[in-house]
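Student: Please take one part of this model and look at it closely. I would like the geometry spelled out.

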Amino acid sequence: QVQLVESGGGLVQPGGSLRLSCAASGTIFSINAMGWYRQASGNQRELVATMPSGGTITYADSVKGRFTISRDNAKNTVYLQMNNLKPEDAAVYYCNADISITRYILPRNYWGQGTQVTVSS
């Protein structure tokens with residue numbers, strides 16, 4: 001099976017920074033797009049940033065210029081550097097990835113369990 005595990009969440013003050021990591025493990029042939037979503041209490045899950053393999057990085061307008069997505073393909077890991085955090089950034093952040101487990105199988109979408117980011121003074 002494939003598993004995505006996030007880490008790096010926590011409590012920060014407004015203006016602070018956090019770096020989230022998400023490592024994919026299990027039976028993996030290739031990983032296409034990887035990205036981050038977030039969901040605040042009582043709200044819909046929303047896209048934060050995506051990084052297709054060899055494609056164009058996409059950021060939500062609300063985080064552009066503050067967040068940076070990157071990935072280490074050798075480690076099957078995607079990162080989200082979050083700077084100048086604001087209270088409205090508080091949410092559970094979920095890792096998402098399209099992963100093929102064999103050469104001829106189309107990628108399936110996988111989710112991590114999420115990591116809590118709290119922004120409060």
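**The aromatic cluster**

Tutor: Trp-111 is partly exposed, with a relative accessible area of 37%. The model is predicted. Tyr-94 and Trp-111 form an edge-to-face aromatic pair. Their ring centres are 6.5 Å apart, and their planes stand at 85°. Tyr-94 lies in strand 9 (residues 91-100) and Trp-111 in strand 10, so this pair ties together parts that are 17 residues apart in sequence. Tyr-94 counts as buried, because its relative accessibility is 14% and the cut-off for buried is under 20%.

The count of aromatic pairs comes to 2. Tyr-37 and Trp-111 also pair: their ring centres lie 5.0 Å apart with the planes at 65°, so this pair is edge-to-face. Tyr-37 sits in strand 4 (residues 30-39) and Trp-111 in strand 10, so the pair links parts that are 74 residues apart in sequence. Tyr-37 is partly exposed, at 22% relative accessible area. Tyr-37, Tyr-94 and Trp-111 form one aromatic cluster.

The charged end of Arg-45 sits over the ring of Trp-111, 4.6 Å from the ring centre.

Next, the loop. Gly-112 is found between strand 10 (108-111) and strand 11 (115-119). Gly-112 is buried, with a relative accessible area of 9%. Leaving aside neighbours within four places in sequence, Gly-112 is in contact with Leu-4, Glu-6, Tyr-94 and Cys-95. Gly-112 and Tyr-93 are 19 residues apart in sequence, and their C-alpha atoms are 9.0 Å apart in space.

Conventions
Residues are numbered from 1 along each chain as its sequence is written. This is a predicted model: local features need pLDDT of at least 70, side-chain atom pairs count only at pLDDT 80 or more; totals for chains, interfaces and linings use all residues. Side-chain values use heavy atoms; hydrogens and water are left out. Helices (H or I, at least four residues) and strands (E, at least two) are DSSP runs, numbered from the N terminus. Buried means under 20% relative accessible area, exposed over 50%, partly exposed in between (1.4 Å probe, protein chains only). Contact means heavy atoms within 4.5 Å. Rings of Phe, Tyr and Trp (its six-membered ring) pair if their centres lie within 6.5 Å; planes under 30 degrees apart count as stacked, over 60 as edge-to-face and the rest as tilted. A charge sits over a ring if NZ of Lys or CZ of Arg is within 6 Å of the ring centre and within 35 degrees of the ring normal.
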